[in-house]
Amino acid sequence: MIEPQLPANGKLNCVSYAPYYGKDESPFIASSVVGKMRIEKDLALLSERFDCVRTYSVNQGLDYVPEAAAKLGLKVLLGAWIGYTKLQNDAEFNLAVDLANRYPDTVKGLIIGNEVLLRKEQTEDVILAYLEEAQRRTEVPVTYADVWEFWLKHPRLEQAVDYITVHVLPYWEDDPQSVDNALQHAEAVMNKLSSTFTKPLFIGETGWPSVGKHRNASVPSQVNQARYLREFIQVAHDKGWNYNMIEAMDQPWKRVLEGTVGGYWGLYNTDLESKFDFKGPVTERHDGLQPLYWALAGLLVFLGLTSMSKERRIPAMVAMGSLGILVGAAAYVQVGYLEAACRDTVEWIALVGITLAGILAMLNLPSLLLSKEQNKLSATLLFVLVFAAMITSFLLIPKLSFIPRDFNLNPTIGHIIYMMDGRYRNFPLALYALPVLQYAIGFTLLGILHRSSFGRYRKINIIALITALFCLILEPLNLHALLWVGIVVLLAYASWPRKGARA
């Protein structure tokens, strides 16, 4: 991994700043106001690494950012949030303009609206009117920020801005880019924009998520995040790009909108610990001895259950002890998955239920070894896993892939599709992998593979297989999609109805 050439002062251009990294904090909670001490503390931390911060609103206490930044010598790209409601938009706009005029030496850019056209919350004419009004009322440079494709769709906006603020996010592209190709993609985008527009270009957002769902060949990870940003900094230095990174701190509230990945774009975690440096090695995880403790707990539980079942043979004890270690380590990974993936009560109930079904299936194994055949509990848990896999496969389909970005949806229908969209759900490999391997392969080796005449297993498995394959067809380079197909195939093998079997 390269170590990029940094400026003489060691600081990077700019970073997006939002103070909503605490538990249950969100800009959607209207009554939530960020305290001045929090802002001062955050900016002091960021001033050690950056020359500038970008904000997206002046509401909920963020109007204090220019004053706090001025004390630290930080510059500010001040954002005015433009949404659906004109009254709120006008209030944001007027306060942002006033702050820009009050702190002209600190506010180096006034960004009127962020991805408003992408979200279809206002028209081009409305944005144009706000920009022209801002130009009349302030000497601070004025711009509008949106995904690069939307600048190409709305070139008329160039006449009302001092520079063009574009978002280049390889992970979120309609054709998601791998980390290997991300910088080539960014260069191609910048070249296209340079040949289209005459005003200066500013990369208003670029970054990479450290946790979340794979999107085709685009893989979130801490190592990939560090790699992309390091390589981007070097290319930006070589090409003379001005840029803003997204983002300073992880934002848990974004998981509601974008799934797991939305909450993990920060260079700092929610404890304000830096995820990595721009020099030296980078590691993916920092688990310490926790997995060992969980594995040891699993060992003790499974040895205890085996002893209680009056199984004393050494090979059986070794086998069950090894399985206990695997179950304990897997449970540690599952807890991390649940914390990252569950966004609401429904998801917690559903995913915890699947997790418990898998764990119970493992804990039931000692009794199966004695009877040499599956019992009602084992059969019930297998059905739960098969049925849940069918539902999960459907929910994983990226449904918004079929809807063009410029297609206008009824807001209610759009919200339903958005909440159902598989782009914002992780493949639950950690929850299924161990119990499925045991049901399909382990039980085959032990000679106790489930034998059932329950005909509906056939229909459930067919639906699960078709939808899982559909996910893979849509994202053929997605390793997690491929592994999910493998899990569904193993479940089908373990549960497929057999002639002459008992119900």
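Are arginine 423 and aspartate 421 buried or exposed? Both residues are buried. The model shown in these views is predicted.

**View 1. A buried salt bridge joins arginine 423 and aspartate 421.** The closest N and O atoms of arginine 423 and aspartate 421 are 2.9 Å apart. Elsewhere, salt bridges with shared partners form one network. Its members are Asp98, Glu133, Arg136 and Arg137. The count of salt bridges comes to 17.

View 2. Aspartate 90 is partly exposed, with a relative accessible area of 21%. Lysine 86 is exposed, at 57%.

**View 3. Aspartate 287 pairs with arginine 285 in a salt bridge.** Here the closest N and O atoms lie 2.6 Å apart. Aspartate 287 has a relative accessibility of 22% and counts as partly exposed. Arginine 285 reaches 52% and counts as exposed.

**View 4. Helix H2 has four named buried residues: Val65, Pro66, Ala68 and Ala69.** They cover an arc of only 165° around the axis, so they sit on the same side of H2. H2 itself runs over residues 65-72. What covers these buried residues includes helix H1 (36-46) and strand E2 (52-54). Strand E3 (75-80) and strand E4 (107-114) are also part of the cover. Just after H2 comes glycine 73, with a positive phi of about 80°.

**View 5. Helices H11 and H12 pack at an angle of about 175°.** H11 covers residues 314-341, and H12 covers residues 345-363. Their axes are 11 Å apart. An angle over 145 degrees counts as roughly antiparallel, and H11 and H12 are therefore roughly antiparallel to each other. On H11, the contact is made by Leu323, Val327, Gln334, Tyr337, Leu338, Glu339 and Ala341. On H12, the contact residues are Glu347, Trp348, Leu351, Val352, Thr355, Ile359 and Met362. By class, the contact of H11 with H12 has 10 nonpolar, two polar and two charged residues.

Methods:
Residues numbered from 1 in each chain as written. Predicted model: local features only at pLDDT ≥ 70, side-chain atom pairs only at ≥ 80, totals over all residues. Heavy atoms only, no water. Buried < 20%, exposed > 50% of the residue type's maximum accessible area, 1.4 Å probe, protein only. Helix = DSSP H or I, 4+ residues; strand = E, 2+ residues; numbered from the N terminus. Arc of directions from axis to C-beta. Contact = heavy atoms within 4.5 Å. Salt bridge = Lys/Arg side-chain N within 4 Å of Asp/Glu carboxyl O. Axes fitted to C-alpha atoms, helices over the stretch in contact; angles between N-to-C directions. Parallel < 35°, antiparallel > 145°, perpendicular 65-115°, else oblique. Nonpolar A, V, L, I, M, F, W, Y, C, P; charged D, E, K, R; others polar.
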